[in-house]
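Here is a short briefing for a reader new to this structure. Take a look at the model before reading on.

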Amino acid sequence: MNKIRVYWKVLKLFWATAIAAELEYRLNFVIAVFSSFTNLTGSIFTLFLFYQTNYTFPGWSWNESLIVLGMFTLLQGISATLLVPNLNRIVEQVQQGTLDFILLKPISSQYWLSLRSLSPWGLSDIIFGLIIISYAGYQVDLNLSNCFLSIITVGFAIISLYSIWFMLGATSIWFVKIYNVTEVLRGLLEAGRYPISAYPAAYRIFFTFVVPVTFLTTVPAETLIGKNQEVWLLFSALLAIFLLIVSHCFWQFALRFYTSASS
């Protein structure tokens, strides 16, 4: 229990200092809001073009597809707030040798690397995503219990995405220049803007069992509108737990091969 309190105090200190540092450049927030709004407008317009031409994603109405887009925008905002400012710096820590100082600290190095920074510039995507989900959800008359289950699946999606991203970052211990790999991952995640049924069968298999995009946006959206079967909820939970455990084990394994940049 005392250990949990210590980690909680450390987390509050991390985020307080990170936000204080970021707020020195407040104009960045205005730019981030404008960029998010522009990207979201483009995504909605692209989706509108599909339905305007009488093409519909199998089994998905216009409002239901908007919910998927809202889930994608929400996840993108959470990534920009928590994952990008932390996990993309693992390569830098390895290159500069500053990982040495982290490993010497009396807390988990994975905890430090995963939660050290917080960027408020992703909040605009989070807000826009929630607005879209709320609007489209109102149109399809959501069930309250489904909303609760959907929040859980979004949590599983965040854990799964974090675990994959962290493992890619950990490979920098062997391959220093892996920025392109993380960019490829972010590119693949763009497929989550639309329901998984929008893609051919081969792509659906790939985005379900290789890069689990299905579990990041489509499954939470299906859960929210009551389309999801219990088996997919179970798979989401098992996938998140499995990837989290694997990411921890993989990090411990990778540290065996780490040699200080200053040595």
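## Briefing

Phe14 is part of helix α1 (residues 2-22). The model is a predicted one.

- Phe14 is buried, because its relative accessibility is 4% and the cut-off for buried is under 20%.
- Leaving out residues up to four places away in sequence, Phe14 touches Ile107, Tyr111, Trp112, Leu115 and Arg116.
- Phe14 and Arg116 are 102 residues apart in sequence, yet their C-alpha atoms are 5.4 Å apart in space.

**Arg116 in a loop**

- Arg116 sits in the loop between α6 (109-115) and α7.
- With 28% relative accessibility, Arg116 counts as partly exposed.
- Neighbours within four places in sequence aside, Arg116 is in contact with Phe14, Thr17, Ala18, Asn86 and Tyr111.
- Arg116 and Leu87 are 29 residues apart along the chain, and 9.6 Å separates their C-alpha atoms.

- Gly226 follows α11 and has a positive phi, near 80°.

**Glu222, a residue of α11**

- Glu222 is found in α11, which spans residues 218-225.
- Is Glu222 buried or exposed? At 18% relative accessibility, Glu222 counts as buried.
- Apart from neighbours within four places in sequence, Glu222 is in contact with Trp60, Lys227 and Asn228.
- Glu222 and Asn146 lie 76 residues apart in sequence, with a C-alpha to C-alpha separation of 9.3 Å.

**α8 against α11**

- The axes of α8 and α11 are 7 Å apart, and the two helices pack at an angle of about 170°.
- That angle makes α8 roughly antiparallel to α11.
- On the α8 side, the contact is made by Asn146, Cys147, Leu149, Ser150, Thr153 and Val154.
- On the α11 side, Pro220, Thr223, Leu224 and Ile225 take part.
- By class, the contact of α8 with α11 has six nonpolar, four polar and no charged residues.

**α8 against α12**

- Helix α8 (residues 144-170) also meets helix α12 (residues 230-255): their axes come within 8 Å and cross at roughly 25°.
- How are these two helices oriented, parallel or antiparallel? The crossing angle makes α8 roughly parallel to α12.
- The crossing of α8 past α12 is left-handed.
- Residues of α8 in this contact include Leu149, Thr153, Phe156, Ile159 and Tyr162.
- Residues of α12 in this contact include Leu233, Ser236, Leu239, Phe250 and Trp251.
- The contact of α8 with α12 divides into 18 nonpolar, five polar and no charged residues.

**Salt bridges**

- How many salt bridges does the structure hold? There are two.
- In one of them, the side chains of Lys227 and Glu64 meet, at 3.0 Å from N to O.
- Lys227 lies in the loop between α11 and α12, and Glu64 lies in helix α3 (residues 62-87), so the pair ties together parts that are 163 residues apart in sequence.
- Lys227 is partly exposed, with a relative accessible area of 34%.
- Glu64 counts as buried, at 15% relative accessibility.
- Lys227 is also among the contacts of Glu222.
- Another salt bridge joins the side chains of Arg193 and Glu190, at 2.6 Å from N to O.
- Arg193 counts as buried, at 15% relative accessibility.
- Glu190 counts as partly exposed, at 32%.
- As background, side chains of opposite charge can pair when their charged atoms come close.

How values were computed
Residues numbered from 1 in each chain as written. Predicted model: local features only at pLDDT ≥ 70, side-chain atom pairs only at ≥ 80, totals over all residues. Heavy atoms only, no water. Helix = DSSP H or I, 4+ residues; strand = E, 2+ residues; numbered from the N terminus. Buried < 20%, exposed > 50% of the residue type's maximum accessible area, 1.4 Å probe, protein only. Contact = heavy atoms within 4.5 Å. Axes fitted to C-alpha atoms, helices over the stretch in contact; angles between N-to-C directions. Parallel < 35°, antiparallel > 145°, perpendicular 65-115°, else oblique. Left-handed = near helix turned anticlockwise from the far one by under 90°. Nonpolar A, V, L, I, M, F, W, Y, C, P; charged D, E, K, R; others polar. Salt bridge = Lys/Arg side-chain N within 4 Å of Asp/Glu carboxyl O.
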